[in-house]
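Look at the structure first, then read on.

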Amino acid sequence: MIVITPDSFKGTMSATEVCEIIKKEFLKLDASLEIRCFPIADGGEGTVEALLFNGGEKISVDVTGPLFEPAKSFYGILPDNTAVIEMAAASGLPMAGEKKNPMLATTYGTGQLIKAALDNGCKRIMIGIGGSATNDGGIGCAAALGAKFYGADGKEVSLNGSGLAEIRRIDLGGLDKRLSETEIDVLCDVISPLYGKTGAAYVFAPQKGADTEMVKALDDGLKNLAEVTAKTIGKDNSQVEGAGAAGGLGFGLISFLGAKLVKGAPAVLEAMGFEKAAKEADLVITGEGCMDNQSLLGKAPAEVAKLSGNTPVIAIVGKSLVTDMSGSNIRRIYVTDHGERSFEQIVRECRDDLAATAHRVAKDFFNGEI
């Protein structure tokens, strides 16, 4: 049995597409070969697609988009009734387009996806929080599930970045009661705290459209949210690693919904049942667009190799910057790139390049060279 477990080749091919191309080349040499695919996702765009690759259902939902406009979104339900949500599908940066503005953006739609999953009877929810347009500390998401955020005048604040500094009181009494019976895992590889120079606003808000003045205002607002929240729940989660992910949505999910932050790729691999399949396989193939020494230490390919036990692991990559493979379970790296080309040319040729490399890997495997 061959197990194929690549990450996406960012900018060119999704993880599911990479799986299909490699699988096709192996089957050309032996149509009877058993092949199982486990495309990797880490919580960003493509997480639902990856987790549904081996079964499940994609469900469409009408939500409030990041700038409070009506939007079409979706989530997935796995065969075990676990819901899989991408916050980017409801509150993502591409949805905001040229109007992106973290002072105005909300995570309300993400909360609506969670509510839809609860309405479908899901008792476990996995939420990928990469790719956000927001910096609202998760207040929009929590509000969609019944939380209330009040200003000094007793009125509810705006459910976006601009409302954070106004919050003086938080009422969680109206939160959906089903949340207390639901396990929520947040797929998050960001380690930023909620506020401060390494927090959500300073690190991520500029790419969401914030200027220097807005960054300072957002950071002050997140600090205010942390202080009021600590008084409300009796705990300060602002410095938890990952609290600053998705403009503070990580903080909101753990503080208001009782969620826990988990590393993205390992959680996805576990949910797909990768480890058992890998240890029973004759070969595991992983890969990504560009592999470097960090890939062998803590990124998805390293996790794949670690979980594969004694099964041989090789990597197919677009480009390799690896200088030291010691300490890695990856036996060999195959590179699809073949010289200096423009990115446009790479995009046109990447699928053929991958197919040719995968065919070479398949021949090496059948010839006993791996």
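This is a predicted model: local features need pLDDT of at least 70, side-chain atom pairs count only at pLDDT 80 or more; totals for chains, interfaces and linings use all residues.

Residues are numbered from 1 along each chain as its sequence is written, and side-chain values use heavy atoms, without hydrogens and water.

**The open sheet**

Six strands form an open sheet with mixed pairing. Their order is β3-β4-β5-β6-β9-β10. Strands here are DSSP runs (E, at least two residues), numbered from the N terminus. Two strands pair if DSSP finds at least two bridges between them. At the edges lie β3 (57-64) and β10 (260-262), and each pairs on one side only. From one strand to the next, the twist averages 30 degrees; axes are lines fitted to C-alpha atoms, and angles run from 0 to 180 degrees between N-to-C directions. Ile77 has Ala83 in β5 as its bridge partner.

**Strands around β11**

Strand β11 (residues 283-291) is mostly covered. Seven of its nine residues are buried, that is, under 20% relative accessible area with a 1.4 Å probe, protein chains only. β11 runs parallel to β1 and also parallel to β12. Ile4 stands opposite Ile285 in β11. Cys290 has Lys319 in β12 as its bridge partner.

**Strand pairs compared**

| Pair | Sense | Bridges |
|---|---|---|
| β4 (residues 70-77) and β5 (residues 82-86) | antiparallel | two bridges |
| β1 (residues 2-6) and β11 | parallel | five bridges |
| β11 and β12 (residues 313-320) | parallel | seven bridges |

How values were computed. Helices (H or I, at least four residues) and strands (E, at least two) are DSSP runs, numbered from the N terminus. Buried means under 20% relative accessible area, exposed over 50%, partly exposed in between (1.4 Å probe, protein chains only).
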